[in-house]
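Hi,

Here is the structure I promised to pass on. Have a look at it first, and my notes on how its parts sit together follow below.

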Amino acid sequence: MAIASLADIRSAKRLIVKVGSALLIENGEARRDWLATLAGELAELREAGTEIIVVSSGAIALGAARLGLPKGGRASLADAQAAASVGQVELARVWGEALADRGMLAAQMLVTLGDLEDRRRYLNASATLQRLVETGAVPVVNENDSVATEEIRFGDNDRLAARVAQAAGGDAVLLLSDVDGLYDRHPSEDGAQLIEKVEGVSPEVIAMASTESGSGMGSGGMVAKLQAARIAERAGICLAIVNGTHDAPIGTALDSGTGTLFTAQGEESARKAWLSGRLAPAGVLTVDPGCTAALANGASLLAAGLTAVEGDFQRGDLVAIHGAKGERLGQGLVEYSAAECRQIVGLREEEQADKLGYAPRAAVVHRDHMVRA
């Protein structure tokens, strides 16, 4: 069924629940009493027929406390990686015990950005998640911060949760936050209004967001949550932001209807949903106004519309596509290397063979391998 309200989330067939560090960890220790109430809610959802996947932060915060590292383990990349290595063991134990107390089996799954950006590895991760859920286990997923670098990482578990939902074939994502949802301005400002439902993440919606993460432990903020909502909605998955600071946070939010629901906006093909969710383009192709208009009508990107090429990429890599004013138009898999693209900037098809030394391909980025922003 279509999920049109927060209450409908209880009817989701497969639900991804994201738990942030600020909710799970306090003074370097897991909030076990709070987690026990959440585990009870997950058990109730399972008994009612909803399959559960958890995306949990907290490894760095737990590990930093054990190692006595400053700034919660975030003073340097080396500190964060060391803290994650120690903390992930503790995080798995905490979740394992909490779920076991409610008759559920936890399964740890650590992923990197590359695991969900590379198509083959994405399919492997998808198969693993599917099989775990089929066996009745509850996957507890986290970014593998012990090996992730500043340049190649999700950086927040909000977007990771949306990508996991794609890979697992989820119906809904529930982001447990430290605020009630998306407000029309910073929630500390007078007159701030909670937005109950969003039908598509537009530039106007993004303008409402704050980049702040109030706890100091997490790495996300409302901007990251909106990026997660955009990934989810394009894959036909709804996403909700609710306040997780209460005991029994899911029931508290769903029963009161307090939160922000981002409804699904149609469903792209599995490949295009994966493509639209990718986060690390290897370069940027800038196009002229004529090409911008053609792309908006579903055309492929041709060399004649190219005006600039940035980055060092190879054929098959992901590239971002920008308009003349720097606006993001979309992204796709490029048919040429960066060097070849620079050779054919602005050239029509009949002119390209002389530059390349071979007959040109049908497009620089074919429409079948492109998604619009």
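The centres of domain 1 and domain 2, taken over C-alpha atoms, lie 35 Å apart. Domain 1 spans 6-267 and domain 2 spans 279-372, with bounds that come from an automatic or database domain assignment. Where they meet, six residues of domain 1 and four residues of domain 2 are in contact (heavy atoms within 4.5 Å).

A word on the basis: this is a predicted model, where local features need pLDDT of at least 70 and side-chain atom pairs count only at pLDDT 80 or more, while totals for chains, interfaces and linings use all residues. Residues are numbered from 1 along each chain as its sequence is written, and side-chain values use heavy atoms, leaving out hydrogens and water.

Now the interface. About 430 Å² is buried between domain 1 and domain 2, and carbon and sulfur atoms give 55% of that area (the accessible area, with a 1.4 Å probe, that two parts lose on being put together, summed over both). Zero salt bridges are counted between domain 1 and domain 2 (a side-chain nitrogen of Lys or Arg within 4 Å of a carboxyl oxygen of Asp or Glu).

Best wishes
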